[in-house]
Structures are given as structure tokens and as C-alpha cells.
Amino acid sequence: RGGILSLTATDTAPLSGTYPRTCLRRYGARPLRNEFKHEVGIRILIKKVVELAAQHDIAMIPLFAYAHLHYFKLFFMKDRGASLTDSLMERIGYLLYCFKCANREAVVDVLKLREDCPVCGGRFSVGGPLWLGELWDKEFVDFLHREAEREESVHRETKRILSLIREESEVQSPGFYVLSKLCEKLSIPRQPPIRKAVEFFEGVRTHFEGDGFRTELPHREVLRRAKELKLIMEERLKGGRS
């Protein structure tokens, strides 16, 4: 009890949707090959760990997760007790994703899965079962960030990732948006700087993608603001402004 488990996964291709049958066979879940496929892969992997531990009434509580290069890294804290284990199992569910409009919905109850996207009428693809809870314990993230900044020997790239995740942990709803793909989908003529886009969509940056951001805004509101952004960028182009 109280011990820390660290896992490294290099099996990222199946988890991220390149080989969906392999993912289903090895992890008992369907991946989603979309803009946040690596996050989906991490959530599938967390689900697998939580389920395996739960068979022995062991609660493996996710503390920290990240994707870098061609691997995933996860940290868990071990605890015991049927009630705590049950509470973790209740955070396993499914992600619905519409490839037509990029809508996403988290669903815990399998009976509430639906086929049609309520935003555009497209067909939902289903990912999971997977972990729908938080990926980062804020106290643990702050501790890692503080210790990394204190040590001169810590690599600059490690510090950069920790700084991004510290910001990212403020918004932990499943899934994120990629600005370039959003601009492409809505034919926005010029992509604004990511910092300005994050502010525009009331979000935070993500470490998963260089131009990715998380937001707690409903998908309809994201689309509304994206259309507003399109008008702004079109007007700026007409006026010769950057």
C-alpha cells in the first residue's frame, strides 16, 4: 500500500489504432485513430492495469501519464480495498467520436452508447472500454515539476514536458483538439498562433501535440468559436494584417 508502479509501453501502434485487432486481442479494447489517438492508447492501457489489479482487490490509482516519441509512460499508486477498487472500475467506459465533425462524448454505461452524432448527424465510432478518469494527480505533477526545476541535471526536454503537463492537468476531460486539423476541417484560411488559440477557446495546451489544446467548452461552442475565428482570419487577410 502506498507504493509507486511505473510502466513503460512501446506497444504504441496497436494502442493508437494502427492495428485495432491486435489492440482488441491484447488489451480487450477498441482504439480510435483520430487526432488524440495517443491519449486514447494511454487510457486503454490504464484500463488494462486497473482491471488486472482489481481482480485481486488492489486499487492502482493513476498518478501521471505521458506520451513521448514512440513510448507511453504511466505511474500508479497502489492501494487496497474493494470499495476503492470499485470506484476506479466505475471510471471505465467508452469514448464516442464523430470523424465528420470531431465531436466526442464520454459514456460510462454501455446501454447509453448511440450511433448518431447529435451535432452533425454523422456516425459515431466507439473507442474502449478505456479509462475516463483523470490522467494526472495535480499534487504529484507539482511535485515532479518542482523537483525537476530544482535539479540542474534534469534534461531540458523533460522540464518542458513537465511544464506542459502541469498546465494540461488543469483540464482533464477526455480528448483534445488539434488546431491545424480544426482549421482544415472548417477551411480557416490562416492558423493563428497556438497561444492565442488557447485563449480564444478558453483552454490549455497539451503535451500530446504541438498545436493541441484542451478545453471544457461543449463541442457545439468550440465549432461556433471556430467559425467566428474563420471570419476574423478572413477579415485580417482582406485587410492585409497577419
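1. A crossing of two helices is called left-handed if the near helix is turned anticlockwise from the far one by less than a right angle, and right-handed if it is turned clockwise. In this predicted model, the crossing of helix 5 and helix 6 is left-handed.

2. Two packed helices are described by the angle between their axes and the distance between the axes. For helix 5, which covers residues 138-150, and helix 6, which covers residues 156-168, the axes come within 10 Å and cross at roughly 150°. Because angles over 145 degrees count as roughly antiparallel, helix 5 is described as roughly antiparallel to helix 6.

3. On the side of helix 5, the residues that take part in this contact are Val141, Asp142, Leu144, His145, Ala148 and Glu149, and they meet Lys159, Leu162, Ser163, Ile165 and Arg166 in helix 6. Sorted by class, the contact of helix 5 with helix 6 is made up of five nonpolar, two polar and four charged residues.

4. The model also has an open sheet of three strands, in the order 7-9-8, whose pairing is antiparallel. Strand 7 (177-178) and strand 8 (203-205) stand at the edges with a single partner strand each, and therefore one side of each has no neighbour in the sheet.

5. Strand 7 and strand 9 (residues 212-215) run antiparallel and are joined by two bridges, and Tyr177 stands opposite Phe213 in strand 9.

Terms used:
Residues are numbered from 1 along each chain as its sequence is written. This is a predicted model: local features need pLDDT of at least 70, side-chain atom pairs count only at pLDDT 80 or more; totals for chains, interfaces and linings use all residues. Side-chain values use heavy atoms; hydrogens and water are left out. Axes are lines fitted to C-alpha atoms, for helices over the stretch in contact, and angles run from 0 to 180 degrees between N-to-C directions. Helices (H or I, at least four residues) and strands (E, at least two) are DSSP runs, numbered from the N terminus. Angles under 35 degrees count as roughly parallel, over 145 as roughly antiparallel, 65 to 115 as roughly perpendicular and the rest as oblique. Contact means heavy atoms within 4.5 Å. Ala, Val, Leu, Ile, Met, Phe, Trp, Tyr, Cys and Pro count as nonpolar, Asp, Glu, Lys and Arg as charged, and the others, Gly among them, as polar. Two strands pair if DSSP finds at least two bridges between them.
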